[in-house]
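Please read the following note with the sequence and the model open side by side. The points are arranged by topic.

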Amino acid sequence: MSLQMVTVGNNIALIQPGFSLMNFDGQVFFFGQKGWPKRSCPTGVFHFDIKHNHLKLKPAVFSKDSCYLPPLRYPATCTFKGNLESEKHQYIIHGGKTPNNELSDKIYIMSVVCKNNKKVTFRCTEKDLVGDVPEGRYGHSIDVVYSRGKSVGVLFGGRSYIPSAQRTTEKWNSVADCLPHVFLVDFEFGCSTSYVLPELQDGLSFHVSIARNDTIYILGGHSLANNIRPANLYRIRVDLPLGSPAVNCTVMPGGISVSSAILTQISNDEFVIIGGYQLENQKRMVCNIISFEDNKMEIREMETPDWTPDIKHSKIWFGSNMGNGTIFLGIPGDNKQVVSEAFYFYTLKCAEDDVNEDQKTFTNSQTSMEDPGDSTPFEDSEEFCFSAEANSFDGDDEFDTYNEDDEEDESETGYWITCCRTCDVDINTWVPFYSTELNKPAMIYCSHGDGHWVHAQCMDLAESTLIHLSEGSNKYYCNEHVEIARALQTPKRVLPLKKPPLKSLHKKGSGKIITPAKKSFLRRLFD
């Protein structure tokens with residue numbers, strides 16, 4: 001194993017816990033920034049270009065027939081081929097957290113439609129599901145199994161918000177383990193079916209999943225209800241005959257107690273598990289190699305990388321699988337220094353570059369090494385501060401240049417802000433106040449100065465008044481600036497300058513006649 005520190009460009013602010021990396025034919029793409037995509041890069045997907053241990057993020061392009069893909073953190077992702085002989089593969093994306101901390105229940109399919117030396121064009125489509133549709137969740141897994149010439153997606157685990165009937169002001173954004181159901185998803189027809197297997201007793205999140213042919217192996221994970229990381233190993237086998245699918249589960253010995261680990265493939269039959277957590281805030285520094293031979297699975301410890309002191313002493317770490325046996329890792333910066341980066345990043349190379357491309361497409365693991373439980377030092381609702389310069393993207397190619405100055409400060413314009421001195425809207429305790437609110441508080445724009453956003457509830461606006469102001473084009477001033485607005489006075493009316501008649505240009509008694517040229521000059525002078 002080789003560990004290398006990575007220097008980053010100006011847009012390192014985009015890389016935060018919960019992101020995903022996707023490998024299309026050796027090219028890696030970044031997905032899942034925290035916050036809505038910027039106007040100068042509306043897709044939120046970036047080419048993840050690392051050369052000579054230097055990282056550059058270049059915005060990706062989507063085709064005109066693509067649907068909108070929001071930036072999702074902690075989603076479940078996997079690769080998918082229509083059949084085993086197909087050369088091209090697609091990425092399946094399900095669930096995850098939106099920038100407003102809503103949980104997505106949608107399935108997106110990403111594929112490459114055009115590729116040249118400098119630009120890759122993606123197509124993203126949303127797949128509608130019918131039947132037993134899995135609820136919105138995060139920290140789960142989705143894999144594709146192949147049986148009898150057919151394929152189906154297998155979804156398991158994760159966390160979701162507690163049911164609406166149980167949500168109170170104090171527990172409005174509380175999450176719970178999803179039921180330990182296994183969902184089979186037909187990507188061709190959009191059908192989803194739920195299965196209850198007696199061997200799966202607890203809902204698990206941030207586990208590791210490995211798909212091989214018609215079998216999925218579920219390893220580790222975290223049970224939020226019991227606050228444990230059971231050393232379980234499950235084998236789920238799916239048979240796809242002409243009739244109804246058959247799903248069975250077997251509990252296997254030799255599991256690992258770990259959550260939020262990263263899985264990468266180093267050969268056709270070997271995988272490596274890196275990182276994760278073994279206790280509440282204790283990282284798991286041991287690495288494991290998983291070998292398959294004749295449908296037999298073996299897990300053993302392997303030599304650990306030469307971790308740097310910063311990695312050893314950090315409380316959290318996160319990252320994702322880049323493919324080709326390489327992992328991208330991030331740790332918090334050293335706050336004790338006067339000038340410090342918010343995060344430091346490394347690449348960990350676990351294998352040579354000759355990994356079989358056909359086999360790599362069948363691997364899948366959780367994309368984050370951070371377990372976002374309540375006791376984790378960095379909560380999902382926290383904002384991380386980064387420094388960025390104007391020319392964040394290089395302008396030496398065909399990619400659009402990103403300019404940070406074009407954007408608004410999300411800490412001031414987001415829904416979860418302190419809009420005034422008496423603002424009491426909190427992301428952890430907020431509940432709908434107006435009938436028009438769904439998942440975020442209503443806001444209204446104050447026109448004072450350069451303008452700013454305030455919560456309608458903090459301004460004591462009646463719902464009828466809020467609707468009236470929203471429909472009209474009149475200016476609105478918040479409670480702190482309404483007196484200033486009332487003090488504004490209309491400028492005094494200035495009387496127009498009187499112009500003397502042309503006849504007065506003839507001076508009485510002078511006996512002199514003003515010539516036409518002088519008349520024209522004087523007319524321009526008085527005008």
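The numbered points below treat a strand pairing, a loop residue, aromatic rings and charges over rings.

1. Basis of the note. This is a predicted model, in which local features need pLDDT of at least 70 and side-chain atom pairs count only at pLDDT 80 or more, whereas totals for chains, interfaces and linings use all residues. Residues are numbered from 1 along each chain as its sequence is written, and side-chain values use heavy atoms, with hydrogens and water left out.

2. Strands (E, at least two residues) are DSSP runs, numbered from the N terminus; two of them pair if DSSP finds at least two bridges between them. Strand S20 (residues 233–239) and strand S21 (residues 246–252) run antiparallel and are joined by 7 bridges. Arg237 has Asn248 in S21 as its bridge partner.

3. A loop residue. Ser66 is found in the loop between strand S6 (61–62) and strand S7 (76–80). Is Ser66 buried or exposed? Buried means under 20% relative accessible area, exposed over 50%, and partly exposed in between (1.4 Å probe, protein chains only). Ser66 counts as buried because its relative accessibility is 18%. Apart from neighbours within four places in sequence, Ser66 is in contact (heavy atoms within 4.5 Å) with Phe122, Arg123 and Cys124. A polar atom of the Ser66 side chain lies 3.0 Å from the backbone nitrogen of Cys124.

4. Aromatic pairs. Rings of Phe, Tyr and Trp (its six-membered ring) pair if their centres lie within 6.5 Å; planes under 30 degrees apart count as stacked, over 60 as edge-to-face and the rest as tilted. The count by this rule is 24 aromatic pairs. One of them is the edge-to-face pair of Phe48 and Phe328, at 4.8 Å centre to centre and 90° between the planes. This pair links distant parts of the chain, with Phe48 in strand S4 (residues 45–51) and Phe328 in strand S29 (residues 326–332), 280 residues apart. Phe48 is buried because its relative accessibility is 3%, and Phe328 is buried at 0% relative accessible area.

5. A ring cluster. Which residues do ring pairs link into a cluster? The members are Phe19, Phe30, Phe46, Phe48, Phe318, Phe328, Phe343 and Phe345.

6. Charges over rings. A charge sits over a ring if NZ of Lys or CZ of Arg is within 6 Å of the ring centre and within 35 degrees of the ring normal. Lys97 lies over the face of Tyr138, 4.5 Å from the ring centre. Lys283 lies over the face of Trp317, at 5.3 Å from the ring centre.

Terms used
Helix = DSSP H or I, 4+ residues; strand = E, 2+ residues; numbered from the N terminus. Polar contact = N/O pair within 3.5 Å; in protein donor to acceptor, adjacent residues only side chain to side chain.
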